[in-house]
Amino acid sequence: ESCGVEAACATGQCVKRTAGPGEPCREREDLPYCGAEYFCRQDATSMTPPPGTCEWRGGLGAVCLGFGSCLPSLRCASSYATATCVVRASEGDKCSQYNECEEGLYCATRTSRCTRYPGDGGDCTSEGSFSVCASGHFCDFGAPADLHTCRARLPLGEGCSYDEACLSNECEFASLPDGGYGGTCVPRCSQKADGGF
């Protein structure tokens, strides 16, 4: 039986996909999710928390309860206790978690400071930027794990291993001209003259 577009099948039952303010959330298999402007307030002290309730994300100065409880441009001053929503940290500011820094920055584990995502040759290991690179770059996982580095995204026709490696964001796997098999950066479906066929 189909659940339709507004619901999904979870543990054999149709469950609403998205909940609004005051509605239950994460009742079955993390469904329903709260809409983008809300967060799911749950009892975080339990190993298997009971369903929560969708509540508005807080604005500047609002009371918050950890990650996701403030508007996207803000952060909760504490991840473990009730705190207030504050402005995200700027480049060079102290931080302790990845979500505390402004857009385009991450919390560097070596310095505990907000740092710009790396570009060409930058470290994107777990000791670096955690697989995220500056805009226009991708984390090259082809190197050994301790040497993952950021590289400029690849143009059409270049070999690739995943979508984010390509400027087009489209890596297609198929037989290669040399008789092998692998990925090649191709135009996005919407950019193809034949409509993707």
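Cys14 is partly exposed at 44% relative accessibility; that class lies between buried (under 20% relative accessible area) and exposed (over 50%), using a 1.4 Å probe and protein chains only. Cys14 forms a disulfide with Cys3, the sulfur atoms 2.1 Å apart. A disulfide here is a pair of cysteine sulfur atoms within 2.5 Å, and the count comes to 11 disulfides. This is a predicted model: local features need pLDDT of at least 70, side-chain atom pairs count only at pLDDT 80 or more, and totals for chains, interfaces and linings use all residues. Residues are numbered from 1 along each chain as its sequence is written, and side-chain values use heavy atoms, with hydrogens and water left out.

- The link of Cys3 and Cys14 is left-handed, with -85° about the S-S bond.
- Cys3 is buried, at 19% relative accessibility.
- Cys9 is exposed, with a relative accessible area of 54%.
- Cys160 is joined to Cys171 by a disulfide, S to S 2.0 Å. This link is right-handed, with 100° about the S-S bond. It connects strand β15 to strand β16, across 11 residues of sequence.
- Cys160 is buried at 11% relative accessibility, and Cys171 is buried at 9%.
- Cys166 and Cys185 form a disulfide with sulfur atoms 2.1 Å apart. The link is left-handed, at -80° about the S-S bond. Cys166 lies in the loop between β15 and β16, and Cys185 in strand β17, 19 residues apart. Both cysteines are buried.

**The β15-β17-β16 sheet**

- Three strands form an open, antiparallel sheet in the order β15-β17-β16. Two strands pair if DSSP finds at least two bridges between them.
- β15 (159-160) and β16 (171-175) stand at the edges, each with a single partner strand, so one side of each has no neighbour in the sheet.
- β15 pairs with β17 (residues 181-185) in the antiparallel sense over two bridges. Cys160 has Gly183 in β17 as its bridge partner.
- Strands of a sheet pair through backbone hydrogen bonds, either parallel or antiparallel.

**Salt bridges**

- A salt bridge is a side-chain nitrogen of Lys or Arg within 4 Å of a carboxyl oxygen of Asp or Glu. By this rule the count comes to five.
- Glu23 forms a salt bridge with Lys16, the closest N and O atoms being 2.9 Å apart. Glu23 is partly exposed at 29% relative accessibility, and Lys16 is partly exposed at 41%.
- Glu55 forms a salt bridge with Arg41, closest N and O atoms 2.7 Å apart. Glu55 lies in strand β7 (residues 52-56) and Arg41 in strand β6 (residues 38-41), so the pair ties together parts 14 residues apart in sequence. Glu55 is partly exposed at 27%, and Arg41 is partly exposed at 30%.
- Asp123 forms a salt bridge with Arg110, closest N and O atoms 3.3 Å apart. Asp123 lies in the loop between β12 and β13 and Arg110 in the loop between β11 and β12, so the pair ties together parts 13 residues apart in sequence. Asp123 is partly exposed at 25%, whereas Arg110 is exposed at 58%.

**Arg88, a buried charge**

- Arg88 lies in the loop between β10 (83-87) and β11 (105-108).
- Arg88 is buried yet has no salt bridge; the nearest side chain of opposite charge, Glu103, is 4.3 Å away. Lys and Arg count as positive and Asp and Glu as negative, while His and the chain ends are not counted.
- The Arg88 side chain reaches the backbone oxygen of Pro72 at 3.1 Å and that of Cys101 at 3.3 Å.

**Positive phi**

- Ser112 has a positive phi of about 55° although it is not a glycine. Ser112 is in the loop between β11 and β12 (113-116).
- Ser131 also has a positive phi, about 75°, and is not a glycine. Ser131 is in the loop between β12 and β13 (137-140).

Key. Helices (H or I, at least four residues) and strands (E, at least two) are DSSP runs, numbered from the N terminus. A polar contact is a pair of N or O atoms within 3.5 Å; within protein, one must be able to donate a hydrogen and the other to accept it, and residues adjacent in sequence count only if both atoms are side-chain atoms.
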